[in-house]
Amino acid sequence: EKQMEFPSSPFGCPLLLTADSMLRVFDEKSKVFASEYSENFQSSLEKFLRHDMLELNYVKTYFLTTEDSTEDSTEDITEDSKEALCSVLNDEMPEELCGCEVVVQASQYFVGDRLKKLWVCLRSDPIFRHHLPFILENWALLLTEGNELYSLKSPLLPLISVLHSESTYPQYSAVIEVLKRLGMPFLNQAVVEADQKCVKGRCPHITSCQETLLNLVHLHTKIDISFKQGDPSLDTLIGYLSEIHFRSCEGHQSVTRIRQLPFFEDVNGQLTALGDKKTFVWPYNVDDSGHDRWMKTENVIFLKMQGSWKKLVSSPSDLRVEELSSEDVYVKFIFPHFKLLSKEERYKQLQHIRDILFSPIKARSGMIGESSARNFVNALKNVPCIEGDDAILRPVSDFCNPKDLVLKAFPHYFHKLPNDFIYVGWIKFFSKIGLKKFPTERDLLMLCRDVADGKVNDLRAISSLLLDNILNRLTDKHFFPEFSSYFLSKVSEIPFVLAANLSHLTWVLPAASPSKYISIDGEQ
């Protein structure tokens, strides 16, 4: 009788009783799971040891298992277990869950408490727990309170409101309700064990404002999370996010993120996102007439001085928002786009400048270090702001004092002010920013030459008007600046004074070369 040796290992022997009650051959290259959770995988029972065999004193190395059940342990867990696990999950899980970021209705794929039992396996079985990050990365198994399923591939992840190992956070109850109303997904912790290392390490927690903010950004890419103006829920959320230290190095990314959310009240009272746009605080003493026109051109945002941002940070610079003086806003934004404003809007802006801004700014413009005030005054002098009779916008310096008779007599050279601006208050204001109060020496020389060349109508009246103006200014040196010697020399050579008609006086002999003009020095 031949003596048989007892095998040193079961591999190659038909001694493997699997969970489908079939006796199979032990295969070293195709080990089965020795897990008490085989009932969760009815489509893969042949890949699990039969449940009642687990009570025997078997050698663990013959199976896909480990003797150490601690979460962080990786001893005796080989990489081939991942391949076997993939095979099991591919057989068992609906294909819609594999490689998907979000599945809307979990109830379509898991009936009753099936998902809850699966999660018991995922967090309790050493092999499944070891590969849980891989599983959650590739299968959508993170259940939310809204009955959605997420995988860790999703940028938007379910928010954890509380960990089982921690006490509750009553101070966050109000913001949790706000977030839920916005559509923020919250982890269903009755099913998913949030204390699992890979879950709490990847899913944001309500106590981390930075993580919640990032989740809000991802949520906003999927749905509109804007608030209505005056909604107290926004104040609740802003108060919560104000715990972020935006000024710190760590807060730099948070600034970029929160600027993407429509939480900021602009000068129109609308809640908007800032994004990459240049953003400023709307200063006091700036009239907002026509601001919607030039803001679109400049692609900038102005926030209200007392807007929601003040509840978020102490300084606008923490949010990359600049503060400007009222004169800076006019010089940088309003004056360059004055032509975009309607006639009524331009009038309101000039009226506001005249009544509110000009006097204090003009007073500061002469002080050391007040460059912005000087820039404002200079810019105001040059901005085309008044529409003349030719419907062209011109600076104040192109218009003349309506009370000066000489300037009025030459409308083709000097534009008259529109009727809306001929009142004393306007004349006084415009005189400070370039309004031509009386003709300059250069103007007078030009006008005298026109008379001498016969280029004007009603020569006698205009000639007399010019002569009276020059003589009056020679005598009234208190009101008018003194003429230069150059001017007096040049004007005396121009024959612009219309001589009197003496033809009826027969005793006066006519000149050898008679001319109807004489110059001031008496030469014909």
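User: Taking buried to mean under 20% relative accessible area, is Leu459 of this predicted model buried or exposed, given its relative accessibility of 19%?
Analyst: Leu459 has its place in helix H17, which covers residues 459-475. The cut-off for a buried residue is under 20% relative accessible area. Leu459 comes out at 19% relative accessibility, so the residue counts as buried.

User: What distance separates the C-alpha atoms of Leu459 and Phe496?
Analyst: Along the chain, Leu459 and Phe496 are 37 residues apart. In the predicted model, their C-alpha atoms are separated by 9.2 Å.

User: What kind of aromatic pair do Tyr330 and Phe376 form?
Analyst: A search of the whole structure finds 29 aromatic pairs. For Tyr330 and Phe376, the ring centres are 6.0 Å apart, and the angle between the planes is 80 degrees. Planes over 60 degrees apart count as edge-to-face, and the pair of Tyr330 and Phe376 is accordingly edge-to-face.

User: How many residues apart in sequence are the parts that the pair of Tyr330 and Phe376 ties together?
Analyst: Both Tyr330 and Phe376 are buried. Tyr330 lies in helix H11 (residues 326-334), whereas Phe376 lies in helix H13 (residues 371-382), so their pair ties together parts whose separation in sequence is 46 residues.

User: Which class of pair do the rings of Phe421 and Trp426 form?
Analyst: Phe421 is buried at 7% relative accessibility, and Trp426 is buried with a relative accessible area of 2%. The centres of the Phe421 and Trp426 rings are 4.8 Å apart and their planes stand at 85 degrees, so the pair is edge-to-face.

User: Over the ring of which residue does the charged end of Lys180 sit?
Analyst: Lys82 lies over the face of Phe134, at 4.7 Å from the ring centre. For Lys180, the charged end is 5.4 Å from the centre of a ring, and that ring belongs to Phe186.

User: How many nonpolar, polar and charged residues does the contact of H7 with H8 have?
Analyst: Helix H7 (residues 209-220) packs against helix H8 (residues 232-241) at an angle of about 130 degrees, with the axes 9 Å apart, which makes H7 oblique to H8. Cys209, Thr212, Leu213 and Leu216 of H7 make the contact with Leu237, Tyr240 and Leu241 of H8. Sorted by class, this contact has six nonpolar, one polar and no charged residues.

Methods
Residues numbered from 1 in each chain as written. Predicted model: local features only at pLDDT ≥ 70, side-chain atom pairs only at ≥ 80, totals over all residues. Heavy atoms only, no water. Phe/Tyr/Trp six-rings, centres within 6.5 Å; stacked < 30°, edge-to-face > 60°. Helix = DSSP H or I, 4+ residues; strand = E, 2+ residues; numbered from the N terminus. Buried < 20%, exposed > 50% of the residue type's maximum accessible area, 1.4 Å probe, protein only. Lys NZ or Arg CZ within 6 Å of the ring centre and 35° of its normal. Axes fitted to C-alpha atoms, helices over the stretch in contact; angles between N-to-C directions. Parallel < 35°, antiparallel > 145°, perpendicular 65-115°, else oblique. Contact = heavy atoms within 4.5 Å. Nonpolar A, V, L, I, M, F, W, Y, C, P; charged D, E, K, R; others polar.
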